[in-house]
Amino acid sequence: MWTFFHKLASPPHVYRIAAAFVPWFAVIGVALIGYGTIAGLFFAPPDYQQGDAFRIIYVHVPAAYLSLLAYSIMAIAAGIGLIWRMKLAHAVAAATAPLGAWFTFLALATGSIWGRPMWGTWWEWGDPRLTSELIMLFLYIGYMALRSAIDDIGKADKASAVLALVGAINVPIIHFSVEWWSSLHQGPTLIREGGPAIEAAMLYPLLANIFGFTLLFGALVLMRVRTEVLQRERRSRWVRNMILGDPA
Amino acid sequence: MSAQPTLLQGFGAVVRRDLLLAFKRPGDMLNPLFFFAMVSTLFPLAIGPASEQLIAIGPGVVWVAALLSALLSLNGLYLGDLEDGSLDQIVLSPQPLPLLALGKTAAHWLVSGLPLVIVSPVVAVSYQMPAGTIGVMMVTLTLGTISLSLLGSVGAALTVGLNRGTALLSLLVLPLAMPVLIFGARTVSLAAADDAVAAGIYFLAAYCVLALSFAPFAAAAALRISND
């Protein structure tokens, strides 16, 4: 059990393990997304109020969920990196941030495309989810900006980790404050898909897409972690041996 | 054995030193204030002098202007110390670093946050905000600028010594400061509408206490990293 954890601190080991996981995650993820998307777009019944417009949830919900998951992973990895001085954890945090930012952007974009026919506006300041998701995007941007502004990689790791943790404490506060703020507006009635009751033919493709997106996200993170590891270890012996085909 | 200075003496020494430095260069202290006044002037010029509009945007303008001018002065929080080498001394000193960071933050608030609070009624009156709201505005601004100074001290510690420091600092601190802005501006608006304001003030106070308990430690950790 513990050897497994200790091995996670070894870059060549992680480099190999990640390579073994990537194809599984990618293949199963793509298959699930394929099923979820086709079933969601063509076979799920149209919503009785929203018609076909609701189908954007098959992209929107997984993206929004992943934007939060990515931030949690980033903050936890940053914390592990700071506390146990584990360089690989920093590599994971660095690899996750741009993906998280991208999913946040995707959630915002699909949300506003959905808002156009449903609310009659591209952007609705009265909706707390939109606003807090936007602030989330800003947090990601700040994190990536800080990381890219510091040349020394060890320093960049630690400084951005502090920022990620401070941000993580703030995320629930931001969410709560935005909700409080918008609840005071005499806003439009915020219709979200019919609460807990959602038909099975609509639900299963959604679940498939959520799992599929998560697996695909996992595959992408692992691929990016491998690149990070190679970049950080480019002067080490095992990388040179591997590239030159020399058995270590 | 020579007596070690107590925690309070260490804290006091940092505050006194930073205040002294600030008063030796009054221009640096006044610039954010003038900036605050000018930003507040921009809005009526851009939007028009109709008084009902001004009353509606007044609380928001005061808060946005305060936020921006607090940011403006944050960049220099640790920069001077880095340049003359005293940051090394602060990091190396036997006093706990979070305490010294808190001392520097306190001094920063005294020379940048407190003057904003004091000047803000002038802006409020020019926006024709009702007299009853000015007290609420000053209370929220006091709590808010303390939180901003604390949050900003973390950002300033993270970016000290970086080339593109100022723009980066805004990118880091602004999203974190949004809850403060939301509650501050909303509470003043509520006061202007004769609504209950206690919830907003409690929230700001809670946020302030939270920042007070965490930010010095985060700033200290950031200073150690930046000053490696």
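B:Leu150 counts as buried because it has 26 C-beta neighbours inside 10 Å. A residue is called buried if 20 or more other C-beta atoms lie within 10 Å of its own, exposed if 12 or fewer, and partly exposed in between, with C-beta atoms placed from the backbone. B:Leu150 belongs to helix H7 of chain B. Helices (H or I, at least four residues) and strands (E, at least two) are DSSP runs, numbered from the N terminus. Setting aside neighbours within four places in sequence, B:Leu150 is in contact with B:Thr105, B:Ala211, B:Leu212 and B:Ala215. Contact requires that the C-beta atoms of two residues, placed from the backbone, lie within 7 Å. B:Thr105 is 45 residues from B:Leu150 in sequence, yet the C-alpha atoms are 6.3 Å apart.

The structure is a predicted model, in which local features need pLDDT of at least 70, side-chain atom pairs count only at pLDDT 80 or more, and totals for chains, interfaces and linings use all residues. Residues are numbered from 1 along each chain as its sequence is written, while chains are lettered from A and ligands numbered from 1 in the order in which they are written. The model scores ipTM 0.86 and pTM 0.87. For chain B the mean pLDDT (the predictor's confidence in each residue, from 0 to 100) is 88, and 99% of the residues reach 70 or more. Where pLDDT is low, predicted coordinates should not be read in detail.

Chain A has eight helices and zero strands. Its pattern along the sequence reads α-α-α-α-α-α-α-α. Of its 248 residues, 38% count as buried. Among contacts in chain A with a separation of 6 or more, 79% join residues 24 or more positions apart.

Two helices of chain A were examined for length and bending. Helix H2 (residues 11–43) of chain A has 33 residues, which at 1.5 Å a residue should span 48 Å; its end C-alpha atoms are 45 Å apart, so the two values agree. The expected span is 1.5 Å times one less than the number of residues. H2(A) has a kink of about 25° at A:Phe21, shortly before the proline A:Pro23. The bend at a residue is the angle between axes fitted to the seven residues ending there and the seven starting there. Buried residues of H2(A) include A:Tyr15, A:Phe25, A:Leu32 and A:Ile33, with A:Gly29, A:Gly36 and A:Gly40 also among them. The buried residues of H2(A) pack against helix H3 (57–84), helix H4 (87–119) and helix H7 (200–232) of chain A.

A kink of about 25° lies at A:Thr96 in H4(A), shortly before the proline A:Pro98. After H4(A) comes A:Gly120, with a positive phi near 75°.

The contact between the chains takes 24 residues from chain A and 22 residues from chain B. On the side of chain A that touches chain B, helix H5 (128–149) and helix H6 (153–183) of chain A are the elements that give two or more residues. H6(A) supplies the largest share, 14 residues. By class, this side of chain A has 18 nonpolar, four polar and two charged residues. Ala, Val, Leu, Ile, Met, Phe, Trp, Tyr, Cys and Pro count as nonpolar, Asp, Glu, Lys and Arg as charged, and the others, Gly among them, as polar.

The largest nonpolar core holds 127 residues, of which A:Met74, A:Ala93, A:Val162, B:Ala157 and B:Ala222 touch the most other members. Helix H8 (residues 165–192) of chain B gives the most to this core, with 15 residues. A nonpolar core is a set of buried Ala, Val, Leu, Ile, Met, Phe, Trp, Tyr and Cys residues joined through C-beta atoms within 7 Å. Not counting residues up to four places away in sequence, B:Ala157 touches B:Tyr78, B:Ala101, B:Ala219, B:Ala222, B:Leu223 and B:Ser226.

B:Ile90 is found in helix H5 (residues 86–92) of chain B. It is buried because 21 other C-beta atoms lie within 10 Å. B:Ile90 touches B:Asp81 and B:Leu100, residues up to four places away in sequence not counted.

Most residues other than glycine have a negative phi. B:Gln128 has a positive phi, near 60°. B:Gln128 sits in the loop between helix H6 (97–126) and helix H7 (131–159) of chain B. B:Gln128 counts as exposed because it has 11 C-beta neighbours inside 10 Å. B:Asp194 has a positive phi of about 60°. B:Asp194 lies in the loop between H8 and helix H9 (198–226) of chain B. With 10 other C-beta atoms within 10 Å, B:Asp194 is exposed.
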